[in-house]
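Let's take a walk through this one together, stopping at a few residues and the spaces around them. Have the structure open as you read.

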Amino acid sequence: VREPDEWRTGHLEGARLVPLGLLRADPQGALPHEEIAFVCARGGRSGQAAALAVQLGKRSRMLT
């Protein structure tokens, strides 16, 4: 759930960029998988994203 400028400075290998704004705008399209791990620097955005995923019936976890 990082922003593109944060993504360029570092991300997990194999991760896919999905900024929190995009996730909020199109959660079904942004979350095609049943299990998702969300990453942000401090946990605020990944917590919001994880809560949204749970509302959609997805299994989620946060990584900070």
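Which residues does Lys58 touch, not counting residues up to four places away in sequence?

## Lys58 and its surroundings

Keep in mind that this is a predicted model. The residues Lys58 touches, once those up to four places away in sequence are set aside, are Leu31, Pro32, His33, Glu34, Ile36 and Ala53. To find Lys58 itself, look in the loop between helix 4 and strand 2 (59–63).

Is this lysine buried or exposed? Lys58 has a relative accessibility of 10%, and the cut-off for buried is under 20%, so Lys58 counts as buried.

## The nonpolar core

Leu31 turns up again here. The largest nonpolar core has 13 residues, and those with the most contacts inside it are Val1, Leu20, Leu23, Leu31, Phe38 and Ala49. Helix 2 (20–25), strand 1 and helix 4 (44–55) each put in at least two residues, with helix 4 giving the most, at four. As a bit of background, nonpolar side chains tend to be buried together in soluble globular proteins.

Beyond its neighbours within four places in sequence, Leu20 is in contact with Val1, Glu3, Arg45, Gln48 and Ala49. Two of the names on that list, Val1 and Ala49, are also among the residues with the most contacts inside the core.

Ala30 belongs to helix 3 (residues 27–30). With 6% relative accessibility, Ala30 counts as buried. Leaving out residues up to four places away in sequence, Ala30 touches Arg16, Val18, Leu22 and Leu23. From Ala30 to Leu20 is ten residues in sequence and 9.7 Å in space, C-alpha to C-alpha.

Over in helix 4 you'll find Ser46. The Ser46 side chain reaches the backbone oxygen of Gly43 at 3.3 Å.

## The largest pocket

The largest pocket has a volume of about 450 Å³. There are 21 residues lining this pocket, and the closest to its centre are Ala15, Arg16, Ile36, Ala37 and Phe38. Two of these have come up already: Arg16 is touched by Ala30, and Ile36 by Lys58.

Which element gives the most to the lining of the largest pocket? That would be strand 1 (residues 35–39), with five residues. Sorted by class, the lining has 15 nonpolar residues, three polar and three charged.

At 27% relative accessibility, Ser60 counts as partly exposed. Its contacts, apart from neighbours within four places in sequence, are Ile36, Phe38, Ala50, Ala53 and Val54. Ile36 and Phe38 are both among the residues closest to the centre of the largest pocket. For a sense of scale, the C-alpha atoms of Ser60 and Glu6 are 54 residues apart along the chain and separated by 21 Å.

Last stop: Leu12, in the loop between helix 1 (4–9) and helix 2. Leu12 has a relative accessible area of 47%, which means it is partly exposed. Leu12 and Val39 sit 27 residues apart in sequence, with 8.6 Å between their C-alpha atoms.

Technical notes. Residues numbered from 1 in each chain as written. Predicted model: local features only at pLDDT ≥ 70, side-chain atom pairs only at ≥ 80, totals over all residues. Heavy atoms only, no water. 1 Å grid on protein atoms, 1.4 Å probe; cavity = no way out; pocket = protein on both sides within 12 Å on 5 of 7 lines; lining within 4 Å. Points joined across faces, edges and corners; volume = space filled by probe spheres on them. Nonpolar A, V, L, I, M, F, W, Y, C, P; charged D, E, K, R; others polar. Buried < 20%, exposed > 50% of the residue type's maximum accessible area, 1.4 Å probe, protein only. Contact = heavy atoms within 4.5 Å. Core = buried A, V, L, I, M, F, W, Y, C linked by side-chain atoms within 4.5 Å. Polar contact = N/O pair within 3.5 Å; in protein donor to acceptor, adjacent residues only side chain to side chain.
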